[in-house]
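Please read it alongside the sequence and the coordinates.

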Amino acid sequence: MKELTEAEKILIEKYKIHVSAGWKRLVVSVLKKIEKHNKKHPDKKIECIYCKEKWGRCRFEIYDNSTRYIYKLTIKAERKSGHICEFCGSKGKETELDMWIKTLCAKCAEERKRKILDGTLYS
Ligand SMILES: [Zn+2]
């Protein structure tokens with residue numbers, strides 16, 4: 001996976017986003033569009049955006065000044081996250097492991113299975 005640039009890392013910090021490494025690039029693409037929106041509409045700035053993993057997808061929540069455009073943007077990104085490995089950013093798919101649904105590539109799924117079996121996942 002391509003490393004994020006310094007500017008992209010700063011963007012993630014600015015919005016205080018905490019998502020797994022594999023989804024950071026996807027989140028950055030959304031944040032860049034939000035920054036553009038904020039420049040265009042300084043009176044309707046979006047300053048607060050939450051991202052979290054739920055049922056194997058990256059969910060976005062925006063409370064202030066959200067528009068139809070922004071809403072569509074986040075829905076699209078959520079759908080995309082269902083095909084991107086949450087941990088490494090490779091192509092992934094929904095995988096059910098130990099009662100959790102995660103979007104993972106084959107390699108990360110194997111790794112996680114192994115950790116579940118030997119009990120090191122939650123330690
Ligand atoms: Zn992976």
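A nonpolar core is a set of buried Ala, Val, Leu, Ile, Met, Phe, Trp, Tyr and Cys residues joined through C-beta atoms within 7 Å. A residue is buried if 20 or more other C-beta atoms lie within 10 Å of its own, exposed if 12 or fewer, and partly exposed in between, with C-beta atoms placed from the backbone. The model is predicted: local features need pLDDT of at least 70, side-chain atom pairs count only at pLDDT 80 or more, and totals for chains, interfaces and linings use all residues. Residues are numbered from 1 along each chain as its sequence is written.

**Overall fold**

- The protein chain contains four helices and four strands; helices (H or I, at least four residues) and strands (E, at least two) are DSSP runs, numbered from the N terminus.
- Along the sequence these elements follow the pattern α-α-β-β-α-β-β-α.
- Taken along the principal axes, the C-alpha atoms of the protein chain fill a box of roughly 55 × 30 × 25 Å.
- Of the 123 residues in the protein chain, 22% are buried.
- Among contacts with a separation of 6 or more, 38% join residues 24 or more positions apart; two residues are in contact if their C-beta atoms, placed from the backbone, lie within 7 Å.

**Nonpolar core**

- The largest nonpolar core has 18 residues, of which L26, V27, V30, C51, C58 and C85 touch the most other members.
- Helix 2, strand 1 (49-54) and strand 2 (57-62) each supply at least two residues of this core, and helix 2 gives the most, with five.
- Leaving out residues up to four places away in sequence, C51 touches I17, V19, V27, C58, R59 and F60.

**Helix 1 with helix 2**

- The axes of helix 1 (residues 6-14) and helix 2 come within 10 Å and cross at roughly 80°; axes are lines fitted to C-alpha atoms, for helices over the stretch in contact, and angles run from 0 to 180 degrees between N-to-C directions.
- That makes helix 1 roughly perpendicular to helix 2, given that angles under 35 degrees count as roughly parallel, over 145 as roughly antiparallel, 65 to 115 as roughly perpendicular and the rest as oblique.
- E8, L11 and I12 of helix 1 make the contact with K24, V27, V28 and L31 of helix 2.
- By class, the residues of this contact are five nonpolar, no polar and two charged; Ala, Val, Leu, Ile, Met, Phe, Trp, Tyr, Cys and Pro count as nonpolar, Asp, Glu, Lys and Arg as charged, and the others, Gly among them, as polar.

**Helix 2 with helix 3**

- Helix 2 (residues 24-40) and helix 3 (residues 68-81) have axes that come within 10 Å and cross at roughly 170°.
- The two helices, helix 2 and helix 3, are therefore roughly antiparallel to each other.
- On the helix 2 side the contact involves L26, V30, K33, I34 and H37, and on the helix 3 side I70, L73, T74, A77, K80 and S81.
- This contact has six nonpolar, three polar and two charged residues.
- L73 of helix 3 is partly exposed, with 19 other C-beta atoms within 10 Å.
- Beyond residues up to four places away in sequence, L73 touches V30 and K33.
- From L73 to F60 the C-alpha to C-alpha distance is 9.8 Å, at 13 residues apart in sequence.

- Strand 3 (residues 93-97) and strand 4 (residues 100-104) pair in the antiparallel sense over five bridges; two strands pair if DSSP finds at least two bridges between them.
- The bridge partner of K93 in strand 4 is L104.
- Strand 3 and strand 4 form a hairpin with two residues between them.
- Most residues other than glycine have a negative phi.
- D98, in the loop between strand 3 and strand 4, has a positive phi near 50° and counts as exposed, with 12 C-beta neighbours inside 10 Å.
- M99, found in the loop between strand 3 and strand 4, has a positive phi of about 75° although it is not a glycine.
- M99 counts as exposed, with 5 C-beta neighbours inside 10 Å.

**Segment after helix 4**

- T120 lies in the segment after helix 4 (106-117) and counts as exposed, with 9 C-beta neighbours inside 10 Å.
- T120 and A109 are eleven residues apart along the chain, and their C-alpha atoms are separated by 14 Å.
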